[in-house]
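This report goes through selected surface, pocket and charge features of one structure, residue by residue. Please keep the sequence and the coordinates at hand while reading.

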Amino acid sequence: LQLASFHSVSKGFIGECGRRGGYVELCGFEDAVKAELYKLASISLCSNVSGQIMVGLMVNPPKPGMESYDKYKSERDGILASLKR
C-alpha cells in the first residue's frame, strides 16, 4: 500500500494564510521513487525562512509546562471546535 500525505501551514487547522511552507510524507514507496519525487519537488518548492519556521512550529507545538502552552491549547481547541459546527 502506498500513501502520500501532504500538509501545509496555510491549509491546516493552524491556517496561517499567506505563509508558504509544508511537508510531504511518503509511505510504501520504493527508495528510488522517493528520491525522484523529492528531487522534482526541490526544484521549485523552497519556502523562505519564515515558512520554514512555521513548519517547525506546526510539527513541534508547545508542550504542557511551556510558557505558551495554555495560549496555544486555547487557540487550537477553539479552532478545532469551530470546525465541528
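This is a predicted model: local features need pLDDT of at least 70, side-chain atom pairs count only at pLDDT 80 or more; totals for chains, interfaces and linings use all residues.

Although Leu80 and Phe13 are 67 residues apart along the chain, their C-alpha atoms are separated by 7.1 Å.

Which residues form a nonpolar patch on the surface together with Leu80? The patch is made up of Phe13, Ile79, Leu80 and Leu83, and these residues together present about 320 Å² of accessible area. Phe13 and Ile79, which belong to this patch, are also found in the lining of the second largest pocket.

## The second largest pocket

The second largest pocket has a volume of about 330 Å³. Its lining contains Phe13, Ile14 and Glu16, then Met54, Leu57, Met58, Pro61 and Pro62, and finally Tyr72, Glu75, Arg76 and Ile79.

The largest share of the lining comes from helix 3, which contributes four residues.

A search of the whole structure finds four salt bridges. As a general point, side chains of opposite charge can pair when their charged atoms come close. One of the salt bridges joins Glu75 to Lys71, with the closest N and O atoms 2.9 Å apart. Both of these residues lie in helix 3, where they are four residues apart, about one turn of the helix. The two partners fall into separate classes of accessibility: Glu75 is partly exposed because its relative accessible area is 43%, whereas Lys71 counts as exposed because its relative accessibility is 57%. Glu75 is also one of the residues that line the second largest pocket, and its C-alpha atom is separated by 25 Å from that of Ser5, a residue 70 positions away along the chain.

Another salt bridge is formed where the side chains of Asp77 and Arg76 meet, at 3.0 Å from N to O. Asp77 has a relative accessible area of 31% and is therefore partly exposed, and Arg76, at 23% relative accessibility, likewise counts as partly exposed. Lys73 joins this pair, as Lys73, Arg76 and Asp77 are linked in a network of salt bridges. Within this network, Arg76 is also a residue of the lining of the second largest pocket.

In helix 1, which covers residues 31-44, Lys39 and Glu36 are three residues apart, about one turn of the helix. Their side chains meet in a salt bridge, with a distance of 3.3 Å from N to O.

Val9 lies in the loop between strand 1, residues 3-8, and strand 2, residues 22-27. Why does Val9 count as buried? Its relative accessibility is 1%, and the class of buried residues is defined by a value under 20%. The C-alpha atoms of Val9 and Gly22 are separated by 5.9 Å, while the two residues are 13 residues apart along the chain.

Val49, by contrast, is found in helix 2 and counts as exposed because its relative accessibility is 59%. Between Val49 and Arg20, which are 29 residues apart in sequence, the distance from C-alpha to C-alpha is 9.5 Å.

Notes
Residues are numbered from 1 along each chain as its sequence is written. Side-chain values use heavy atoms; hydrogens and water are left out. On a 1 Å grid over the protein atoms alone, a cavity is a set of points where a 1.4 Å probe fits but cannot get out, and a pocket is an open set with protein on both sides within 12 Å along at least five of seven lines; lining residues have an atom within 4 Å of a point. Grid points are joined across faces, edges and corners, and a volume is the space filled by probe spheres set on the points. Helices (H or I, at least four residues) and strands (E, at least two) are DSSP runs, numbered from the N terminus. Patches are made of residues with over 30% relative accessible area and no salt bridge: like charges are joined within 9 Å, nonpolar side chains (Val, Leu, Ile, Met, Phe, Trp, Tyr) within 5 Å. Accessible areas come from the Shrake-Rupley method with a 1.4 Å probe; for residues, only the protein chains shown count as cover. Buried means under 20% relative accessible area, exposed over 50%, partly exposed in between (1.4 Å probe, protein chains only).
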